[in-house]
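Please consider the sequence and the three-dimensional model shown below. A short report accompanies them.

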Amino acid sequence: MASVPSEFRHHASRIRETLFPAWDRDRQWRIVQAVHLHGAHGSCETEKKRIRILREFSGDDLDLVLVHEITHAVAGYGHGKRWQQRMEKAALRAEKVGSHT
């Protein structure tokens with residue numbers, strides 16, 4: 001596996017620590033870059049405890065995809081009520097801490 005660029009690691013760590021501080025405290029999940037995801041921007045593989053994000057993303061776009069996929073790790077598959085509520089919680093926390101995510 002290719003090395004992960006420091007910008008990607010920085011964004012993933014910041015999103016994890018700022019918006020999802022209680023998630024994955026024991027660091028079992030891996031957040032990695034992917035070359036191709038069959039039309040998706042990211043994927044959350046709960047059984048493998050792995051989040052994959054297209055490597056073409058950076059900056060704000062990377063943050064948004066990270067938040068989206070970590071929300072799946074927390075709330076589960078799909079975009080139902082539980083997922084929407086957790087996404088809203090992340091958005092409110094981002095607003096509170098002054099993050100543009």
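## Basis of the model

This is a predicted model, in which local features need pLDDT of at least 70 and side-chain atom pairs count only at pLDDT 80 or more, while totals for chains, interfaces and linings use all residues. Residues are numbered from 1 along each chain as its sequence is written, and side-chain values use heavy atoms, with hydrogens and water left out.

## Strands

Helices (H or I, at least four residues) and strands (E, at least two) are DSSP runs, numbered from the N terminus; two strands pair if DSSP finds at least two bridges between them. Strands S1 and S3 run parallel and are joined by 5 bridges. Arg30 has Arg50 of S3 as its bridge partner.

Strand S2, residues 42-45, pairs with S3 in the antiparallel sense over 4 bridges. Here Ser43 stands opposite Arg52 in S3. The hairpin of S2 and S3 has 4 residues between the strands, and in this hairpin Lys49 takes a positive phi near 50°. Buried means under 20% relative accessible area, exposed over 50%, and partly exposed in between (1.4 Å probe, protein chains only). Because 4 of the 5 residues of S3 are buried, this strand is largely enclosed by the rest of the structure.

## Nonpolar core

A nonpolar core is a set of buried Ala, Val, Leu, Ile, Met, Phe, Trp, Tyr and Cys residues joined through side-chain atoms within 4.5 Å. The largest such core has 22 residues, of which Phe20, Trp23, Ile31, Ile51 and Ile53 touch the most other members. Two or more residues each come from helix H1 (6-19), strand S1 (30-34), strand S3 (50-54), helix H2 (59-75) and helix H3 (81-97). H2 gives the most, with 6 residues.

Contact means heavy atoms within 4.5 Å. Not counting residues up to four places away in sequence, Ile53 touches several residues, including Phe8, Ile31, Leu37, His41, Leu62 and Glu69.

Thr71 is found in helix H2. Thr71 is buried, with a relative accessible area of 0%. Leaving aside residues up to four places away in sequence, Thr71 touches Phe20, Gly76, Trp83, Arg86 and Met87.

## Aromatic pair

Rings of Phe, Tyr and Trp (its six-membered ring) pair if their centres lie within 6.5 Å; planes under 30 degrees apart count as stacked, over 60 as edge-to-face and the rest as tilted. The structure holds 1 aromatic pair. The ring centres of Trp23 and Trp29 are 5.6 Å apart and the planes lie at 55°, so this pair is tilted. Trp23 and Trp29 are both buried.
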